[in-house]
Amino acid sequence: MSTTEDTAAQNLSFQAEVAKLLDIVVHSLYSNREIFLRELISNASDSCDKLRYAALTQPSLLEDGGGAFAIHLSADAKTKTLTISDNGIGMNRDELVANLGTIAKSGTSEFLKSLSGDAAKDVNQIGQFGVGFYSAFMVADKVEVFSRKAGDQQGWVWSSDGRGTFAIATAEGIGRGARIVLHLKDEAKEFAEPHRLREIVRTYSDHIALPVILDPAADAKPKEGDEAPQPETLNSASALWMRSKSEITADQYKEFYHHVGHGFDEPWHTLHYRAEGAVEYTALLFIPTQKPFDLFHPDRKGHVKLYVNRVFISDQLEGLMPRYLRFVRGVIDSSDLPLNVSRELLQSNPTLKKIQSGIVQRLLKDLKKRAENAAEYNVFWKSFGPVFKEGLYEDHERRDELVDLARFQSTAGDGLVSLKEYASRMKDGQDAIYYITGDNLNALKASPQLEGFLAKGVEVLLLTDPIDEFWVPSVGVYDKKPLRSVAEAGADLGGIKGADGEKKDEEVGAAAEQATSDLIGKLKAALGDAVADVKVSNRLTGSPVCLVAESGGMSLHLARLMKQHGETAGMAVRKVLEINAKHDLIKRLMTVSGDTFDDAAFLLLDQARIVEGEAVPDPAAFARRLSSVMAKGLV
Ligand code: ADP
């Protein structure tokens with residue numbers, strides 16, 4: 001038990017972000033306020049799941065020996081109160097303080113960040129973020145939570161009006177679990193009406209596997225000759241995933257997705273099936289439409305819940321889904337797994353491995369089918385492509401399948417392309433799949449490194465996700481065609497036949513060749529250590545210069561990424577300056593010398609850096625040189 005336990009009531013302040021969130025919720029005029037009930041019933045159901053699991057190893061927690069879990073609602077229109085009770089795991093003092101006041105959920109700050117300042121608009125965001133317990137303050141001006149944790153003697157009461165502080169005190173005679181009493185605001189008294197509660201529970205909570213029971217009002221007296229009013233179960237009270245598909249409506253699937261997946265959008269895909277045979281299990285899985293804000297947080301929790309025979313086991317099993325499918329949410333239930341082994345043992349259970357593999361196979365099969373509709377598939381790819389691509393280097397076994405499901409931006413247009421499409425339209429003499437990496441699509445499209453490829457009509461993949469730097473080298477080849485970076489690949493452009501009517505390269509005379517090689521010598525001398533080398537380019541057509549990575553070295557984009565992450569290895573990458581010998585500026589450069597030449601050499605290098613997306617290392621020197629060259633030019 002808590003060391004800070006105290007019998008006297010104590011007033012505590014909400015954590016700053018929680019207080020801010022509550023301020024918005026309290027003043028909310030959100031039209032969909034009824035979702036508070038979904039949130040509270042969802043919490044009650046989770047809490048019963050937790051106790052059922054804990055009691056597998058510690059049956060005494062159930063106290064009465066029975067495990068009849070249920071959620072009760074009771075409403076009193078006269079006092080304008082609505083009570084939601086569960087006989088789940090409950091909370092002790094420290095848990096009440098932490099869960100309902102002092103620890104902000106990661107979604108809280110995300111919600112606060114999304115606020116635009118326009119009150120009406122902001123309030124409508126609430127539903128999307130699922131503010132959980134706190135949504136009670138949309139309808140109540142005072143909330144009390146009576147709770148006793150399973151196995152504890154002492155009960156507690158938490159209470160608050162949602163305005164800055166909450167109180168916590170001991171409470172006697174409290175049943176196991178939690179009882180939440182909402183003192184409804186005047187304008188929310190409809191939520192004490194039985195017909196309204198019936199309607200809300202059927203709409204939002206029908207899928208809850210426990211009975212949600214509406215108790216008769218305390219003062220409800222039977223009319224003479226009538227039977228006494230009976231408690232009324234409002235939902236179907238059976239696990240949704242065990243029902244047959246034909247009995248489940250799209251809305252029921254969606255509400256279940258909201259409950260189990262904590263998602264607040266429409267599911268992009270729903271996969272519900274029962275596997276029979278060697279391993280038996282049922283899976284009800286969803287792919288969200290929107291990218292969750294925490295997709296890339298390292299401590300992100302899993303969102304697939306494992307049940308064994310309808311008993312919730314865990315949503316924290318490492319590897320229940322491969323990491324590259326971590327956006328999938330839902331439930332897996334199997335009767336072929338042992339009920340009372342530890343989570344650690346379960347993780348390495350061979351049956352679980354078979355289930356995992358079956359699920360991944362089904363998901364990939366569905367994705368393949370959905371990829372036939374490019375517009376729909378693009379929605380998925382935009383949200384989850386960057387995560388899915390992790391599979392290209394993590395899941396060797398399924399790599400070919402995953403590569404075929406991947407989509408890319410390319411120079412061929414605004415749409416996404418697959419490698420299969422790319423390969424089908426490669427030019428005569430083209431033996432590689434070309435790509436360019438960077439962090440910004442528009443900058444990539446304008447990169448001078450592409451000029452030679454565009455001139456020949458050779459398609460280039462535009463890769464803008466950090467992950468691209470990692471999977472490309474690990475995949476290496478598609479359909480016997482190597483993946484090659486344009487930044488290193490200039491040399492083999494010569495073998496590719498360009499579009500018809502393309503101008504033949506002009507013959508370069510011996511004198512011109514000598515002048516170019518003199519210029520290269522002068523540039524190397526002027527630039528010194530700032531570059532690894534200076535070379536004539538055959539990839540440039542419109543720009544005078546560009547920067548490329550040394551052949552076989554780290555790409556410039558990867559080097560920048562590493563530098564951003566404080567990796568010093570990224571700083572040492574050596575760059576090659578390529579010059580376009582046919583460009584007027586380069587030709588002019590052959591005729592100048594002295595300070596003007598040095599200034600121009602550095603300006604060209606800085607220009608190449610800027611186009612590449614790098615910072616100019618010495619902005620003051622850049623400005624001085626630019627002014628000097630401009631002053632000479634402006635005559
Ligand atoms: P979420 O349910 O998304 O975690 P909530 O704000 O709804 O967020 O609840 C915060 C936490 O409070 C829950 O994670 C749970 O630990 C605890 N909690 C809420 N309601 C109950 C309840 N009825 N019984 C036990 N614990 C609860």
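Glu280 is partly exposed, with a relative accessible area of 28%, where partly exposed stands between buried (under 20% relative accessible area) and exposed (over 50%), for a 1.4 Å probe and protein chains only. The side chain of Glu280 meets that of Arg274 in a salt bridge, that is, a side-chain nitrogen of Lys or Arg within 4 Å of a carboxyl oxygen of Asp or Glu. Arg274 is partly exposed as well, at 42%.

The model is predicted, and local features need pLDDT of at least 70, side-chain atom pairs count only at pLDDT 80 or more, and totals for chains, interfaces and linings use all residues. Residues are numbered from 1 along each chain as its sequence is written, and side-chain values use heavy atoms, with hydrogens and water left out.

| Pair | N to O distance |
|---|---|
| Arg274 and Glu280 | 3.9 Å |
| Asp468 and Lys389 | 2.8 Å |
| Lys524 and Asp533 | 3.3 Å |

Asp468 and Lys389 are both buried. Their salt bridge links distant parts of the chain, 79 residues apart, since Asp468 lies in helix α17 (residues 468-475) and Lys389 in the loop between α11 (374-388) and α12 (391-394); helices are DSSP runs of H or I with at least four residues, numbered from the N terminus.

In the pair of Lys524 and Asp533, Lys524 is partly exposed at 40%, and Asp533 is partly exposed at 22%. Elsewhere, salt bridges that share partners join Arg33, Glu34, Glu190, Arg196 and Glu199 into one network. The count of salt bridges comes to 32.

Conventions:
Helices (H or I, at least four residues) and strands (E, at least two) are DSSP runs, numbered from the N terminus.
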